[in-house]
Amino acid sequence: MRGQLQTLSRRAKLISRAIALCTITALLVCAVIATLFLGAFARFDVSVPVALLFVAAMIALFVGLLAFLREIFLATANLRIGPS
């Protein structure tokens with residue numbers, strides 16, 4: 001029972017981290033779009049901020065998907081199939 005609770009706790013942490021990182025990704029993409037609009041409206045060069053925001057978004061997405069994949073591996077490793 002204790003081992004199962006530890007596994008569930010670990011899975012909850014991983015999925016929480018994955019959701020948070022993927023949400024951060026969405027916010028960074030929104031920031032990229034807003035920066036592009038502001039740059040077009042104010043007519044100034046936004047290439048460096050857009051590039052940095054985009055790279056940060058891709059890193060957050062990559063790490064978030066890795067956390068999600070780790071949670072899936074953990075869930076399937078502890079899956080019981082058949083009679084107990």
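T25 touches A57, A60 and L61, residues up to four places away in sequence being left out of the count; contact here denotes heavy atoms within 4.5 Å. The structure is a predicted model, in which local features need pLDDT of at least 70, side-chain atom pairs count only at pLDDT 80 or more, and totals for chains, interfaces and linings use all residues. Residues are numbered from 1 along each chain as its sequence is written, and side-chain values use heavy atoms, with hydrogens and water left out.

T25 lies in helix α1; helices (H or I, at least four residues) are DSSP runs numbered from the N terminus. With a relative accessible area of 7%, T25 is buried, a term applied under 20% relative accessible area, whereas exposed applies over 50% and partly exposed in between (1.4 Å probe, protein chains only). The buried set of α1 comprises T7, L14, A18, L21, T25, L28, V32, T35 and G39, and α2 is included in what covers these residues.

Helix α1 contains 41 residues, and its first and last C-alpha atoms are 59 Å apart, close to the 60 Å expected at 1.5 Å a residue. The expected span is 1.5 Å times one less than the number of residues in the helix. For helix α2 (residues 47–77), the 31 residues should span 45 Å, and the end C-alpha atoms are 45 Å apart, in agreement with that expectation. The buried residues of α2 are V50, A57, A60, G64, A67, E71, L74 and A75, and their cover includes α1 (2–42).

The two helices, α1 and α2, pack at an angle of about 160°, with their axes 8 Å apart. The arrangement of α1 and α2 is therefore roughly antiparallel, the class for angles over 145 degrees. Axes are lines fitted to C-alpha atoms over the stretch in contact, and angles run from 0 to 180 degrees between N-to-C directions. By class, the contact of α1 with α2 has 24 nonpolar, 4 polar and 4 charged residues. In this classification Ala, Val, Leu, Ile, Met, Phe, Trp, Tyr, Cys and Pro count as nonpolar, Asp, Glu, Lys and Arg as charged, and the others, Gly among them, as polar.

Helix α1 is followed by R43, which is found in the loop between α1 and α2. The phi of R43 is near 55°, a positive value in a residue other than glycine. Most residues other than glycine have a negative phi. R43 counts as exposed, at 77% relative accessibility.

How values were computed
Angles under 35 degrees count as roughly parallel, over 145 as roughly antiparallel, 65 to 115 as roughly perpendicular and the rest as oblique.
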